[in-house]
Amino acid sequence: MKCPYCGMHFSDNWIVQEIARVHRTGWFYRTALCPECTQMTIELCPPLRSDIMNQLDQLSVGEQHTTIQRLGQWRQVLPVGSNRGPVPPEVPKAIAADYVEACRVLPTSAKASAALSRRCLQTMLHNQGYKDRDLAKEIEQLLNAGVLPITSKKQSMQSVTSATSRHIQSTTRQRFRSLTLTRKRLNGVWKS
Ligand SMILES: [Zn+2]
C-alpha cells in the first residue's frame with residue numbers, strides 16, 4: 001500500500017477489528033502503520049450483506065478478517081482527506097494550498113472539492129497566460145496552443161487537469177533552471 005502521509009509504498013500490515021460494544025455492529029475498522037514515517041492510517045468498513053455476515057460466522061477469526069479485507073468497502077478516515085501524495089515543492093504555494101484543500105474535502109463534499117480544483121486549474125492557466133471569459137475558453141486556448149500531448153478535445157477534464165499540471169510543473173522547472181532564480185524570487189514571478 002501507499003502511505004497517505006509520506007507517499008512511500010510498504011507491505012500491507014492492516015490489523016482488522018470489529019466495532020462492538022455489548023452487541024456486534026457489523027462495522028469494522030483496520031489500522032496500518034507506515035514503517036517510514038510511523039504514522040497510522042485508519043479505515044472504516046460498513047456492514048457487509050447479511051448473508052455474507054452469516055457466512056463469516058462459520059469461519060475462524062483469521063479467515064473472517066481476510067474475507068472482510070477483501071470484500072469490505074473500506075473508507076479512509078485518518079488521515080482526513082483523499083490520498084494524492086505530496087505536492088512537488090516547485091508548485092506555487094497558492095496553487096498547492098488549493099490543491100491540498102481540494103483533496104482534503106473530497107470525501108465529504110465532492111462539489112466543494114470540484115470548486116477548489118477548478119480554481120486551482122484556472123490559476124495555473126492564468127499564470128501561463130491563458131485568459132478568457134470562462135474556464136472552458138481558457139482550456140480551449142491551451143489545447144489550441146499544442147503544448148500538451150492531447151489528441152482529442154473530448155478527453156476528460158481530469159486528463160486536461162493532469163496534463164496541465166505536468167506542463168506547468170515542467171515549465172516551472174525550466175524557468176527555475178534557466179533563470180536560476182531563488183525560490184523566493186520564483187514565488188514573486190508567480191504572484192505577478
Ligand atoms: Zn508514511
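How many bridges join S1 to strand S2? Six bridges join S1 to S2 (residues 23-33), and the two run antiparallel. The model is predicted: local features need pLDDT of at least 70 and side-chain atom pairs count only at pLDDT 80 or more, while totals for chains, interfaces and linings use all residues. Residues are numbered from 1 along each chain as its sequence is written.

**View 1. The open sheet of four strands.** The strands (DSSP runs of E, at least two residues, numbered from the N terminus) follow the order S1-S2-S3-S4 with antiparallel pairing; pairing requires at least two DSSP bridges between two strands. S1 (15-21) and S4 (75-78) are the edge strands, each with a single partner, so one side of each is left without a neighbour in the sheet. From one strand to the next, the twist averages 35°.

**View 2. Residues facing each other in S1 and S2.** Glu18 stands opposite Phe28 in S2.

**View 3. Packing of helices H3 and H4.** H3 (residues 93-105) and H4 (residues 110-127), helices being DSSP runs of H or I of at least four residues, pack at an angle of about 160° with axes 8 Å apart. Axes are lines fitted to C-alpha atoms over the stretch in contact, and angles run from 0 to 180 degrees between N-to-C directions. H3 is therefore roughly antiparallel to H4 (an angle over 145 degrees).

**View 4. The contact of H3 with H4.** Residues of H3 including Ala94, Ile95 and Tyr99 meet residues of H4, among them Leu116, Cys120 and Met124; contact means C-beta atoms, placed from the backbone, within 7 Å. By class, nine residues are nonpolar, three polar and three charged.

How values were computed: Parallel < 35°, antiparallel > 145°, perpendicular 65-115°, else oblique. Contact = placed C-beta atoms within 7 Å. Nonpolar A, V, L, I, M, F, W, Y, C, P; charged D, E, K, R; others polar.
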